[in-house]
Amino acid sequence: MGRDYKKIPIVDTAHRCGLVLNPRTLTRGEVEASCPFCGDHGAGKYHLFLNTSTDQYRCVLCGAQGNSVTLYARVMGLSNREAFQELEEGGNVYPMPKQPDSQYTEAAPRKLSERSEVYSTMLDLLTLSDRHKENLIGRGLSEERIEQNQYRSMPETEKGRRLLADLLRSCGCDLSGIPGFRTRYGEWTLAGPSGFLIPVRNKEGLIQGLKIRLDDEADPERKYRWLSSRDMPNGTRSYSWIHVTGDTASRRAYLTEGPLKGDVASFLDNDALFVCIGGVNALHGLKETVLNLGVTELVEAMDMDQTTNPHVRNAILAIRKEVGHLPNSKYSKYVWSPAYKGVDDYYHARAAA
Ligand SMILES: [Zn+2]
């Protein structure tokens, strides 16, 4: 693959996205457009600046910025690779420009029972691609457990995402206040990168939220993201919820980071109970979750790179401060061969041996 620079004009891309441009600025080096991400906090304004020499965009109100490919990807709900392909192929389909939604709110997520109902209905409507299923099998999960845990592939196209939103609405689901859903030019759709969805559940199995394991992300630290529609029209932010997986009657719980890691480790260790934090700096709700489970033994099973990764090390100290000295509960640290980074990797290798 060559790395030849190919110019994809930003104004042309904006037309393809159906953005409204300020006609008085069309001959300038910097063309103004209505921002599709924040709706300019009101109709008829132009906060998005399109730089025709660098082919970059930037919204001075919400801070959204990038190039032609990332603009097209974000507006159309595509991966950057898909966006590049579509832009490169050209064609002459230009939608009628439409004023973006101006109802810009930072809604809090709806309550758990309602989120869970919408997400459950959504998972029933989605499928898991073969590629994603293979990925999960490669981690040590069985087909049966994959089915049971309800991992699903994100709809790849914008058309598929709109269809999903339409189907949910026709099932009576209200999508406002549900992280991941948003409107685009007044129509409900699903936001987020492509990848597969991991349901994050409480101890009763209700779905708190969904994490996406991204397809196109080289940085391992950014491989997982919450399904969220923060800073988007009618969008809703996600919180970092705690995931509970395994036998909730167990008196011993293992603590780890990442819901998928917990699912895999629990499966490979006879349904051992795992409590999974959403990120190393996301401990909100951890203590409450542990207390509600009524466990008498907590075992720390964080990644073994803690000796070299100060980020993980600090998180572990914070976890110990939070749940390391609970009354009626013993706290210990699980140690395995440092050749395996995560407890899931270790169990997987042990199962294969
Ligand atoms: Zn904006």
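This is a predicted model: local features need pLDDT of at least 70, side-chain atom pairs count only at pLDDT 80 or more; totals for chains, interfaces and linings use all residues.
Residues are numbered from 1 along each chain as its sequence is written.

**Exercise 1.** Describe how helix H8 packs on helix H11.

*Solution.* 
- Start with the geometry: the axes of H8 (residues 259-268) and H11 (residues 343-352) come within 8 Å and cross at roughly 30°. Axes here are lines fitted to C-alpha atoms over the stretch in contact, with angles from 0 to 180 degrees between N-to-C directions.
- Next, list the contacts (C-beta atoms, placed from the backbone, within 7 Å). From H8, Lys261, Val264, Ala265 and Leu268 meet Val343, Asp344, Tyr347, His348 and Ala351 of H11.
- Finally, sort by class: the contact of H8 with H11 has 6 nonpolar, 1 polar and 2 charged residues.

**Exercise 2.** Find which residues of H7 are buried and which are exposed.

*Solution.* 
- Count neighbours: a residue is buried with 20 or more other C-beta atoms within 10 Å of its own, and exposed with 12 or fewer.
- Arg161, Leu164, Ala165 and Leu168 of H7 come out buried. They share one side of H7, because they cover an arc of only 95° around the axis.
- On the other side of H7, Lys159 and Ser170 are exposed.
- Now look for the cover: it includes helix H4 (112-125) and strands E6 (181-184) and E7 (187-190).

Key. Helices (H or I, at least four residues) and strands (E, at least two) are DSSP runs, numbered from the N terminus. The arc is that of the directions from the helix axis to the C-beta atoms. Two residues are in contact if their C-beta atoms, placed from the backbone, lie within 7 Å. Ala, Val, Leu, Ile, Met, Phe, Trp, Tyr, Cys and Pro count as nonpolar, Asp, Glu, Lys and Arg as charged, and the others, Gly among them, as polar.
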